[in-house]
Amino acid sequence: MTGELRPVSLKREGDGLKIEWSDGTTTFATWRHLRTNCPCASCLEERNKPPDPFRILSPQEVAAGAPVPVAMTPVGYYAYQIKWNDGHDTGIYTVEVLRKLSDTKQPDEQS
Ligand SMILES: [Zn+2]
């Protein structure tokens, strides 16, 4: 890793985000996975609490249905702010976070 790794292309694909990286790899993350792992302080705190067996979905989550971004705004050169359909918009996804949350998906091999 040179530390220069950055996304060269971000595309909505199916129920998630496809990212092409400057090192030639392509990764994919579902919106649900990105939303569940929102890096903002209040979500981090929420995830660090002991699980509440009676809370499966918050009323907001139930109302909004499956998580879908309504906006994805670049923040500087190395991060993206995602605004979700449940109204949550404080998560800033850095390039590192996006890389960590997405899985490598090899481009179709040419034969
Ligand atoms: Zn959050």
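1. In sequence, the donor residues of the zinc ion follow the spacing C-x1-C-x2-C-x44-H. The model under discussion is a predicted one. The donors are Cys-38, Cys-40 and Cys-43, each through its SG atom, together with His-88 through NE2. The coordinating distances run from 2.0 to 2.3 Å.

2. What geometry does the site of the zinc ion have? The site is tetrahedral, and the angles among its four donor atoms are 104 to 116°.

3. The overall architecture may be described next. The protein contains four helices and seven strands. Along the sequence, these elements follow the pattern β-β-β-α-α-α-β-β-β-α-β. The protein has 111 residues, of which 31% count as buried. Among contacts with a separation of 6 or more, 39% are between residues 24 or more positions apart.

4. The opening strands deserve attention as a group. Strand β1, residues 7-13, pairs with β2 in the antiparallel sense over six bridges. Within this pairing, Ser-9 stands opposite Glu-20 of β2. Two residues lie between the strands of the β1 and β2 hairpin, where Gly-14 takes a positive phi near 60°.

5. Strand β2 also pairs with β3, residues 26-30, in the antiparallel sense, here over five bridges. Gly-16 has Thr-30 in β3 as its bridge partner. The hairpin of β2 and β3 has four residues between the strands, and Gly-24 takes a positive phi near 95° in this hairpin. Is β2 mostly covered or mostly uncovered? Strand β2, which spans residues 16-21, is mostly covered, with five of its six residues buried.

6. Three strands form an open sheet in the order β4-β5-β6, with antiparallel pairing. Its edge strands, β4 (69-75) and β6 (92-94), each pair on one side only. From one strand to the next, the twist averages 30°. The pairing of β4 with β5 is antiparallel and extends over six bridges.

7. In soluble globular proteins, nonpolar side chains tend to be buried together. The largest nonpolar core here has 18 residues, and those that touch the most other members are Leu-17, Trp-21, Leu-34, Trp-84, Tyr-93 and Leu-98. At least two residues of this core come from each of β2, α1 (31-36), β5 (79-84) and α4 (95-101). Which element supplies the largest share of the core? That element is α4, with four residues.

8. Which residues does Leu-34 touch, not counting residues up to four places away in sequence? They are Leu-17, Ala-29, Trp-84, Tyr-93, Leu-98 and Leu-101. Leu-34 is itself one of the core residues that touch the most other members.

Definitions and conventions: Residues are numbered from 1 along each chain as its sequence is written. This is a predicted model: local features need pLDDT of at least 70, side-chain atom pairs count only at pLDDT 80 or more; totals for chains, interfaces and linings use all residues. Side-chain values use heavy atoms; hydrogens and water are left out. Buried means under 20% relative accessible area, exposed over 50%, partly exposed in between (1.4 Å probe, protein chains only). Two strands pair if DSSP finds at least two bridges between them. Donors are N, O and S atoms within 2.8 Å of the metal (3.2 Å for Na, K and Ca); water is not among the atoms, so sites may look incomplete. Four donors count as tetrahedral if all angles lie between 85 and 135 degrees; four count as square planar and six as octahedral if opposite donors are over 155 degrees apart and all others between 65 and 115; anything else is irregular. A nonpolar core is a set of buried Ala, Val, Leu, Ile, Met, Phe, Trp, Tyr and Cys residues joined through side-chain atoms within 4.5 Å. Contact means heavy atoms within 4.5 Å. Axes are lines fitted to C-alpha atoms, for helices over the stretch in contact, and angles run from 0 to 180 degrees between N-to-C directions.
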